[in-house]
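Please look over this model with the metal site and the pockets in mind. My notes are below.

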Amino acid sequence: MFTKPNIQLQSATDITVELLNKMNITCLILDVDNTLCIKKGEIILDGVMNWLSDMHSAGIKLIILSNAKPKRMEGIAKKLGLPFVGLGGKPLPFGYKRAAKRMGVSIKNCAIVGDQLLTDILGGNLAGCKTILVCPVELENSFGFKIKRGIERKLLKKYNLKCDF
Ligand SMILES: [Mg+2]
């Protein structure tokens, strides 16, 4: 059950301060691809900049955790105005713990927000943070990803969660 998220939402921008308060979350650890951006970070999803600003104003700490190389992540993080941990090694827990430490927050008060059960959510559960699954916006073309998304569809069905991809 390490791949089961605490909650599922359509998109990151559906996360409200009220929800985070209820879940005792003071810091969001954010995935980038298919969570905040598409096209390798070139396109920021609708509403994301305003949502980030609302979260920031409410005192929610925000940090990116990505498996991408720091070189690619640097530009995207700058565009989003967020700090980042690159080469995150998801689903291994060390990147999550590094992100929490960097923000000065206990991992228990963090939530990972991501679109992949087998990386974002699995790693978040292993690290001991809360997990928020969002729906991917565009599907990947690589063979490896097709297999991963196939496994995810089966898991989502098993968990009675929404699957519209
Ligand atoms: Mg992603």
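1. Ground rules. This is a predicted model: local features need pLDDT of at least 70, side-chain atom pairs count only at pLDDT 80 or more, and totals for chains, interfaces and linings use all residues. Residues are numbered from 1 along each chain as its sequence is written, and side-chain values use heavy atoms, without hydrogens and water.

2. Metal site. Asp31 (OD), Asp33 (O) and Asp115 (OD) coordinate the magnesium ion at 2.1 to 2.2 Å. Donors are N, O and S atoms within 2.8 Å of the metal (3.2 Å for Na, K and Ca); water is not among the atoms, so sites may look incomplete. Along the chain, the donor spacing is D-x1-D-x81-D.

3. Burial. Aspartate 31 is buried, at 8% relative accessible area. Aspartate 115 is buried too, at 3%. Buried means under 20% (1.4 Å probe, protein chains only).

4. Largest pocket. Its volume is about 540 Å³, the space filled by probe spheres set on grid points joined across faces, edges and corners. A pocket is an open set of points on a 1 Å grid over the protein atoms alone, where a 1.4 Å probe fits, with protein on both sides within 12 Å along at least five of seven lines; lining residues have an atom within 4 Å of a point. Of 23 lining residues, Asp33, Lys40, Arg72, Glu140 and Phe145 are the closest to the centre.

5. Second largest pocket. This one holds about 150 Å³. Its lining includes His56, Lys61 and Met103.

Definitions and conventions: Buried < 20%, exposed > 50% of the residue type's maximum accessible area, 1.4 Å probe, protein only.
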